[in-house]
Structure formats: C-alpha cells, structure tokens
Amino acid sequence: MDMATITLLMFGVMVLLLCTGLPVAFVIGSVGIIFAYFLWGPGGLSMVIYPTYGLSLTFLLAAVPLFIFMGLILQKSGIADDLFEAMYKWAGGLRGGMAVGTVIVCAIIAAMVGISGAATVAMGLIALPAMLKRNYSKYLATGTIQAGGALGLLIPPSIPFLVYAFVAQQSAGMLFASGVLPGLLLCSLYIVYILVRSALQPELAPALPPEERATLREKMLSLKALVLPFAVIFSVMACVVLGITTITEASVIGALGAMVAATVQRKLTFRMIRESLERTTIVTAMVMWIALAAVCFGSIYTGLGAAKMVKDVFLGLGLGPWGVLICMQLSFFVLGMFLDDTAILFLTVPLYLPIVKQLGFDPLWFGTLFVINMQMAFLTPPYGLNLFYMKGVVPRGITMTDLYWSVWPFVLIQAVGLALVMIFPQIALWLPNAVFR
Amino acid sequence: MKPLALFVKVVDGASVVVGKIVGYFMVLVMISSTIEIVSRYFFNSPTIWAYEFGQYLFGAYFLLAGAITLYYREHVGMDVVVSHLSPRKQALLNALTYVFAALFCGVLVYKGGQFAYKSVIHLERAASVWAPPIWPLKTALPVAGLLMLLQATSNLIKDLYFAVTGKTWAEREVNA
C-alpha cells in the first residue's frame, strides 16, 4: 500500500469512528495502534511508549492545570459579575452598548483564563439574561458571547499556545505576547460590527432608557471591580514578559494571586478550592489524554513517512508559498468543524511545520495564525465547543439552529482578522520582538 | 448481576478516589514552585529538586486522572451525529465502540508494563543531580492505562444494562 492510500484509509476510519461519538482520544489512539499493528506487526506497538513518556515529562504543560485553576477561582469569586456590572453601567446607554460591554468583559476574562468555555458560560449566565430582558436580538446576544468567549484562546494566558510551544519547540512567552494584539484587533472588530449593526438596526440592540442609566458616581465606583483582576493579570504577564519566571512558575503565581484576590473578596472557601481542583483535574486529563493519543498517532504516522508525503502534496500543488499557507489555514478550518484544537494541533503541526519553515515563514507567526484559526473551530458546527457551552446555559426557546445562525457574522469577522494578521505579520510579531529581543 | 454490580462499584470508586487524590498533586506543585521562586530570587540559590519534582508529579497527575474523567464521561467526543438517536441506541453504540477504547488502553498497559518492568527491577533513578527514583512515574503509565481500561469496562456494563432494560444503572440500584 502506498502512503496516500494508507492516509485515506486512516482518516476514513477515523471520521467513521468520530461519528459514533467515541471520545476523540480513543479514536486517534486506537486508529494509530491498528495501523501500526497491520503495517509492522506486534513490534510496531512499542512506538506508543516513548512519545507518551516524553509527554509525561513535559513540565511546561503543568501550566495548563494551573491556569485553569486560576481561571476557576477568579470566576467563582464573582469577578465576572462585578465586571459585567461595571460594563453595564458604562455602556448601557449606548445602542448595542451591553453587547460591546460583553465583548470587553470577555476580553478581560480571556486575560485571566486560557480556555474558551469559561467566558462563554459565565457571560451566558450573567450577560445573556440581561441582554434578552432589554430586548436584544437573541442572535446578536448569543453570537457576541460565543465569539467573545473564543478570545480566551488567543489572549494570554492561552492553553493552545502552550501546547503549540511544546509541539513546535517555540518560546511560550513569545507566543503569548504574539496573541495580544491580534486579540485586541478581533475585540475591536467585534465592537465595530456591533456598533454599526445596532446603529443601522436599532431594534436589534436598544439602548437603556435614560432613567435606568447609571450616574457618573455610580460609574466610577463600579471601576473598583477592575482592580483585582487587573492586579492578577499584570502580575502574571509581568512574570512572563519580563522573563522573571518560567511560564509554569508564572501560572503558579497566577493561581496563588487568584486565591489572594478571592480572599480579598471574602469568597475563598475550602469547598471552592476542592471543587476547583477536581474540575481542573478533569479538564486537564481531557486535554492531556487527547495529546497523549495524538503523540502516539503522530509517531506512528510520521514513522510511515507521512511527513514526506504531506510535503510532496503541498509543494506539488504549484501554488507558491502563500497558496500553501492558505491551503493549510483552510485545512485547519475544515478540521475545526470536526475536531478540537488539541487534536488538530498534534495531528497537523508536526507535519506542517517543516514545510512552513522551508517556505521561509516564521514558525512563531504560524502559531498565532493557528490559534486565531482555532477560534473559528470553536464556533463552527457541527463540532463547535462554544456552541455546546452556550446551549448548556441558554433559556428555553433558543435552539441549536438559532445558535448556528448567531455565530456566522462573527466567524466572518474572525476570518477577516486571520487574513489581516496574514497580510500584516507585524500585528502578531511586533510585540514579542519588542519585548524579547 | 451481583459480581457485575460489585465490579462497577469498586472500579467507579477507585477511579474517583484516585482522581481526587492526584488532584492535590497540583497543590504540591504550587508549593514546590513557590519555594523555587523564593529561593532563586530572594536567596539567590535555586533548588536542584523543584523542577523535577513538579515534572514527575504533573506526569503522574494527568495520566492517573484519565479514569475519573472517563467515569464522568468528560473525554470529549463528537456527538452531533449520534445526538438524534434515542438514548438507548446511543448507549448501545457506546458499548459497541468499547473495543476501540479497550484496544488503546490495553496496548498502554501491555507496552507500558514492559517499559515499567525494566525500570522497576533496577529501581531506576533519574540521571540528574537530584537523582530521584524514576520508576514510580514509569509505572504510572501502565497503571493509568489499567484504570482507564477498567473504567471503560464499567461504563460498558452500565451502557449495556441501559440499552437492554431501558433503565439507567442508578435506577437499578434504587430498586435493588
């Protein structure tokens, strides 16, 4: 069997198994093992051990649970409520103001957590009822929250950047820095979209009636809510960006800082710590077992000579470097409809990266593009995690179909953002170069 | 049914207990990293052990937490296609795909076991200044695989029971 046939067969079996709802980790792992056995016999199975052991020694990834823990503690100490309260007071008087405020709160939460679900669930519980009560369109309201939640991936700390740093052997600190400006860019694009849309169609996002708007004094007082989260965010970022500590140590400081913030809010309890630890354990195991299965699969697939085949295919297309890069982004987008970011990263990046380097592109920038792209994966059906998180918290009467309709303007904006960062690489690269070199 | 019920009870219990215990490993990592940061910045003497200590704990942490995650069915899968099947048919499908989960976990137990065995008989230590025993971490891999395999089997029993009788496992316990 030649490589192309094997690849088609492998991915065919994989898609079939995915459709049964079998956990992604088991799908990837078992497909790898089956092919290793049929191609090399029992000896081929040994290929699962070294990558697995290597993964279990990667201390960099210990930042994953610690950042998740930090986010959970901040979330449970009611910071999301306070933030939204502040935004509500400041922006409620504007048409579309609450949606704009939601985007900003999501961006701030994104700077406290490294995953996408946290802000989506928190804002779905806090901002969505408030917006629906004020007669916001359900499409605009839910779309905003899901797109805003996806910023968690891009604005540091960020779990996909950590995983990319491990797979691509790039500096996690520089990757974190590279996500800041694209994150703010997307944030601004969302805000512009919401303001323009609600100026054109005021019925989608009405302003608060004047008697319900906050006074200046109330507005100023509400800013108190920003102090603690900003203190935690800045201490973590300072440690990473100024190179004071490693990423993992910065995540420890973030976790401790979050507990201090919760203590100041008088919200810290042993029960909260225990529950957060358990939740952290489960989310981390979910991510890491996909990673584990994917490194096994990757070593088997690469062992079959996949790297050369993928390279020949891409370079044989005759599209030039940019054509290849665009094809890769399209492949991320398509895979993103069916798989989660960790799986896509482990399956594609080891194969793509040598090509990217050979074409003369910056692997750091490629990582930023990957993570921007993965935000779309979180919104695109059928397998878009933010759609599921959102569905979990919406009131009755909002269906999955409504949610499918709600996300597409935002997916389009994300695609525009991705294109901008491709055309102007400095959006991603300026900050890491300014800080680290 | 009795032995099966006992099996499910013991396995589910073990997964949850192991998962909760390893959850606290991250507290230890927080403490050890804090000691490292403090001794490096305030006393200018980095430790020789904190990095490796965190490294091994994290490895064991996520490996051994696989089973509790499986118990709560939190290992994500793509359930869009199957979501419009009836719950009983979904349970049946879960039971049918058990063999793939078992295959993956089984290979981890088998190959990981060989790998760990070589390390255990020599009571292997890490090749570093601190030189802690490394065999416990190498043993964690097959142990984690075994826990996952057992938990997958426990889920299989529960799924089959539901697919056949239409009653969930929890409902059975109430009646029994």
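Biologist: Taking a cavity as a set of points on a 1 Å grid over the protein atoms alone where a 1.4 Å probe fits but cannot get out, how many cavities of 30 Å³ or more does the structure hold?

Modeller: The structure holds 2 of them. This is a predicted model, in which local features need pLDDT of at least 70 and side-chain atom pairs 80 or more, while totals for chains, interfaces and linings use all residues. Residues are numbered from 1 along each chain, chains are lettered from A in the order written, and side-chain values use heavy atoms, without hydrogens or water.

Biologist: How much space lies in the largest cavity?

Modeller: The largest cavity holds about 50 Å³, a volume being the space filled by probe spheres set on the points, which are joined across faces, edges and corners. Its lining (residues with an atom within 4 Å of a point) includes Gly71(A), Gln75(A), Met112(A) and Ala122(A).

Biologist: Which elements supply at least two residues of that lining?

Modeller: Helix 4 (63–76), helix 5 (79–91) and helix 7 (117–133) of chain A each do so; a helix here is a DSSP run of H or I with at least four residues. The lining of the largest cavity has 9 nonpolar residues, 2 polar ones and no charged ones. Asp, Glu, Lys and Arg count as charged, and Gly is among the polar residues.

Biologist: And what lines the second largest cavity?

Modeller: Residues of chains A and B line it, including Thr52(A), Tyr53(A), Phe115(B) and Lys138(B). Two or more residues come from helix 3 (49–56) of chain A and likewise from helix 7 (135–165) of chain B. The second largest cavity has a volume of about 40 Å³, and its lining comprises 5 nonpolar, 2 polar and 1 charged residues.

Biologist: Turning to pockets, how much space lies in the second largest pocket?

Modeller: About 630 Å³ lies in the second largest pocket. A pocket is an open set with protein on both sides within 12 Å along at least five of seven lines.

Biologist: Which residues lie nearest its centre?

Modeller: Of the 26 lining residues, Thr7(A), Phe11(A), Tyr301(A), Leu335(A) and Tyr352(A) lie nearest the centre of the second largest pocket. Helix 1 of chain A gives the largest share of that lining, 8 residues. By class, the lining has 22 nonpolar and 4 polar residues, with no charged ones.

Biologist: Which residues of the largest nonpolar core touch the most other members?

Modeller: Met123(A), Leu162(A) and Trp289(A) do, in a core of 214 residues. Helix 14 of chain A contributes the largest share of this core, 19 residues.

Biologist: What does Leu162(A) touch?

Modeller: Not counting residues up to four places away in sequence, the partners of Leu162(A) include Leu60(A), Phe67(A), Phe176(A) and Ile247(A), contact meaning heavy atoms within 4.5 Å.

Biologist: Now the backbone: which peptide bond is cis?

Modeller: The bond from Pro156(A) to Pro157(A) is cis, with omega near -5°. Pro157(A) sits in the loop between helix 8 (138–154) and helix 9 (159–168) of chain A.

Biologist: What is phi of Leu123(B)?

Modeller: Phi is near 45° at Leu123(B), a positive value in a residue other than glycine. Leu123(B) is exposed, with a relative accessible area of 51%. Arg73(B), also not a glycine, has a positive phi of about 55°, and Arg73(B) is partly exposed at 41%.

How values were computed: Core = buried A, V, L, I, M, F, W, Y, C linked by side-chain atoms within 4.5 Å. Buried < 20%, exposed > 50% of the residue type's maximum accessible area, 1.4 Å probe, protein only.
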